[in-house]
Amino acid sequence: MSGLVQTEPLLGEPPLLVRGDPYSVVVLLQGYAEPEGVGDAVRADGSVTLVLPQAWGQASSHRESPPEGGGAKTALEEAARGPILVDTGGPWARDTLLGALARQGVAPGDVTLVVGTHGHSDHIGNLGLFPRAALLVSHDFCLPGGRYFPHGLGEERPLRLGPGLEVWATPGHGGQRDVSVVVAGTVLGTVVVAGDVFERSGDEDSWQALSEDPVAQERSRKRVLGTADVVVPGHGAPFRVVREAPQPPN
C-alpha cells in the first residue's frame, strides 16, 4: 500500500448498511477464502452486496416493463430504479442469500438488476434466482428473455446507472472484462463494490497469484483506491481507504 494511502477495517458484521442518497449500500454476505485440508484446496465464496435506491420501498409493488425503444443507456437506467444486486455468491449459498434478501424486505422478483463483477462461480452462481432482472455480467448486458445490448463500457468510459451510480471496467483478476460498481453520496463517501480487484484488505502479497492480468489489475487497484472511501472486496470484510496528506519537504 502506498505511504499516502492506507486501509483500515470497517467495523460491523453483515448485513452492513451504509445509508446514502439517492442509493444506500447493504453488504449482505461477506466473502471468504480459507485453506482447507491438505494441499492447495481453498473453501471460498464471494461477497454479495445490495444497492437500494432511496425511492424504492417495500410498499412499491409496481414494476414497469423494460422500454422497447432506446438502447443500453435507457435500459440500464430503467433497471437501476429498483434493488440492484452486485454478485450472487455460489450456488451452495442459495438459501443463505435468499434469507439475507428477505431480511431486507427484498424478494428475488423485486431485484431489477444483477451485476456480476466477473464470471467465476463463487460470484455468479445464483443468477437463476433472478429471471425477471436485467443482467450485467462482466461486459454482457441483457434484459429478461435474453435481449442483449451493446454499451461501450471501457476503462475511460463508465456506464452511468443513475446519479452517483456507475459501473466501471476494472480488468485484471478474471481477464479484461471485470467490472466494479461505484456508489457516491453515502454517509461514508464513495463505496466501490470491487469484486476480486481486491481479495481483501491487506492482500498486497497475494492478489497477483490469482490474477489473469496483474498489470491491468494493478492499474484497476490504483484507480479504485484513488476514488473510494470504502471498498467492498471479493473475499473479506469491507475496508476504509484513508488518504494521508503529503508532508511538505523539509
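Two strands count as paired if DSSP finds at least two bridges between them, and the strands themselves are DSSP runs (E, at least two residues; helices are H or I, at least four), numbered from the N terminus. This is a predicted model, where local features need pLDDT of at least 70, side-chain atom pairs count only at pLDDT 80 or more, and totals for chains, interfaces and linings use all residues. Residues are numbered from 1 along each chain as its sequence is written, and side-chain values use heavy atoms, leaving out hydrogens and water.

**View A. Pro9 and its opposite number in β17.** Pro9 sits across from Phe239 of β17. Five bridges join β1 to β17 (residues 239–243), in the antiparallel sense.

**View B. The seven-stranded open sheet.** Pairing is mixed, and the order reads β1-β17-β16-β15-β14-β13-β12. β1 (5–9) and β12 (159–162) are the edge strands with a single partner each, so one side of each has no neighbour in the sheet.

**View C. Helix α4 over the sheet.** Here α4 (residues 214–227) lies across β1, β13 (165–169), β15 (189–193), β16 (230–232) and β17. The helix runs at about 80° to β17, with axes fitted to C-alpha atoms (for helices over the stretch in contact, heavy atoms within 4.5 Å) and angles from 0 to 180 degrees between N-to-C directions.

**View D. Around Leu165.** Leaving aside residues up to four places away in sequence, Leu165 touches Tyr23, Val51, Ala80, Ile84, Leu159, Arg160, Val181, Val182 and Val183.
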